[in-house]
Structure formats: C-alpha cells, structure tokens
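Trainee: Could you show me how to read a structure that I have never seen before? I would like to go feature by feature.

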Amino acid sequence: MLDLIKTIDWSPLFISLKTGILATVLTFFLGIGAARLIMKLNNTAKSIVDGILTLPLVLPPTVAGFFLLLIFSLRRPFGKFLFEEFNIKMVQTWPGCVIAAFVIAFPLMYRNARAAFEQVDIDMIHAGRTLGLSERKIFWKIIVPIAAPGLASGTVLAFARAIGEYGATAMLAGNILGKTRTVSVAIASEVAAGNWDTAGFWVCVIVILSFFIVAVINYISGKNMKHVNRWI
C-alpha cells in the first residue's frame, strides 16, 4: 500500500478540490440569488424558471456536457467570441472543469436555498418592514440568518456534487493529467487502463470525502433540530 501511495500523482485530488471550492462559491451566491428572485415570480413563471434551473439535476451529466460543448466550443459563435475577444477558452481547460461542476451542482444549492427561504416566518419579514428596514437589509439580516442551516446544507451538498462530477467534466474539460483530470475522471481512466489498484485508491479517497461530507450535513441538521420537540 505504501509503495502504491508513493507512485500516486496527487494532482487529480488537488484539481478536484480547487474545482469544487470555486464551483461551490459560484453556486452559493448564484443559487441564493436565483432562489430569492424566483420567490418574487408568479406561479406560472415560477414553474417555468424553476424547471429550467432544476433541469441539470435530473438530466444525465453527459447531456449537460453536450450542451456545454455546444455553447463553449470554439466552432460555435459564443465560444469563438469568448476566445477571440477575451482569450477565454473552456474546452480542454481547467475553467471548463469549474463550469461543468458549477452547472451540475447549482440545482442542489438552489433547491436547498429556496426550501430554506420558504420556511422563514413571514411575520419576521413584516416586523423588519415595520422597523423601516429596506428589502435588502431584511433579506441579509433576517431571512438569510434564519435560513442559514438550509443554506449550509445546500453548500455542503453542492461541494460534494462538484468534486464528484464526471460526465460533464469529461466532455467539456477532457482528461489532461495535471490540468483537467479530476479524481472521478482519474478513476475511469485507471480502470480503462487496467490499473485497478490506483483506481481503488482514488475510490477510497472519494468514499472518505463523501462520508465526511455526509457527517457534516448530519451535524448541521442535528444542530438545527436541537431545540425542536421531536416525536421520538
């Protein structure tokens, strides 16, 4: 085992972690913003927008990767425009890993944020308005603190999904060692190459990370329910 560890290239883990962290930061703010925006829409518009925002959660990741390729490919207008005007390239690059992870993880943050906001007592909001607080202050000083446990759970889930993403990442960013090869991509690559020991090592790494993440979610949920009278 020690001999195997000595031969391991740790770049997939580092790439997965930095991809997951940046993608989670993006999903956190954009997920909260989307959840706040959709609460203001009428029922028809809410259903349509909610369906669009949640779609990556139910689509196969390879389908999401296909659409990302259609958007960011250098042969397509938008991808060509980004490259020629801003020298930004998503295909076969690390930013492509971040975009793929963000798209797949975003619905988890959005859905958790929306559920948390919907559970906020409306009387608290009315009290804030009575005190003369602006809608922005009410949101950040009343709604967000009350919804914090749900937002925290959404953030952790989004991070877990981001570091474990494979399908969209493989299609958009590819499999370049030291550049775009994440742990999930490394597992598939090592299995395809017949390196079962190396693949098993990365599987163990993902299992340990996933267990830790589940433990964090359980801790957050348990802390939130500490003062709630339970039926058991």
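What follows is a conversation about the cores, a helix, the salt bridges and the surface of this predicted model.

Trainee: Let's begin inside. Which residues touch the most other members of the largest nonpolar core?

Mentor: A nonpolar core here is a set of buried nonpolar residues joined through their side chains. The largest one has 26 residues, and Phe117, Ile143 and Leu151 touch the most other members. Two or more residues come from each of helix H2 (11-38), helix H6 (94-118), helix H8 (135-146) and helix H9 (148-163). H6 gives the largest share, 10 residues.

Trainee: What does Leu151 touch, not counting residues up to four places away in sequence?

Mentor: Leu151 touches Ile32, Met109, Ala113, Ala116, Phe117 and Val144.

Trainee: Which residues does the second, separate core include?

Mentor: That core has 11 residues, among them Ala64, Leu82, Ala100 and Ile104. Take Ile104, which lies in helix H6. Buried means under 20% relative accessible area, and Ile104 counts as buried because its relative accessibility is 2%. Leaving aside neighbours within four places in sequence, Ile104 is in contact with Pro56, Pro61, Ala64, Arg161, Glu165 and Ala168.

Trainee: Which residues of H8 are buried, and what covers them?

Mentor: Ile138, Phe139, Ile142, Ile143 and Val144 are buried in H8. Their cover includes H2, H6, helix H7 (122-130) and H9.

Trainee: Let's turn to charges. How many salt bridges are there?

Mentor: Side chains of opposite charge can pair when their charged atoms come close. In this model the count comes to 5 salt bridges. One of them joins Asp50 and Arg111, with the closest N and O atoms 2.8 Å apart. Asp50 lies in helix H3 (residues 43-58) and Arg111 in helix H6, so this pair ties together parts that are 61 residues apart in sequence.

Trainee: Are these two partners buried or partly exposed?

Mentor: Asp50 is buried, with a relative accessible area of 13%, while Arg111 counts as partly exposed at 35% relative accessibility.

Trainee: What separates Arg114 and Glu118 along helix H6?

Mentor: About one helical turn, because they are 4 residues apart in that helix. Their side chains meet in a salt bridge at 2.9 Å, N to O. Arg114 is buried, with a relative accessible area of 15%, and Glu118 is partly exposed, with 45%. Asp50, Arg111, Arg114 and Glu118 are linked in a network of salt bridges.

Trainee: And Arg129, which residue does its side chain meet in a salt bridge?

Mentor: Arg129 pairs with Glu135 at 2.9 Å, N to O. Arg129 counts as partly exposed at 41% relative accessibility, and Glu135 counts as partly exposed at 43%.

Trainee: Finally, the outside. Which residues form the nonpolar patch on the surface?

Mentor: Phe66, Phe67, Leu70, Ile71, Phe78, Phe81, Phe86 and Ile88 form it, with about 740 Å² of accessible area together. Helix H4 (61-72) and helix H5 (77-86) each give two or more residues, and the largest share, 4 residues, comes from H4. Phe78 lies in helix H5 and counts as partly exposed at 41% relative accessibility.

Notes:
Residues numbered from 1 in each chain as written. Predicted model: local features only at pLDDT ≥ 70, side-chain atom pairs only at ≥ 80, totals over all residues. Heavy atoms only, no water. Patch = residues over 30% accessible without salt bridge, like charges linked within 9 Å, V, L, I, M, F, W, Y side chains within 5 Å. Areas by Shrake-Rupley, 256 points an atom, 1.4 Å probe, with all protein chains shown as cover. Salt bridge = Lys/Arg side-chain N within 4 Å of Asp/Glu carboxyl O. Buried < 20%, exposed > 50% of the residue type's maximum accessible area, 1.4 Å probe, protein only. Core = buried A, V, L, I, M, F, W, Y, C linked by side-chain atoms within 4.5 Å. Contact = heavy atoms within 4.5 Å.
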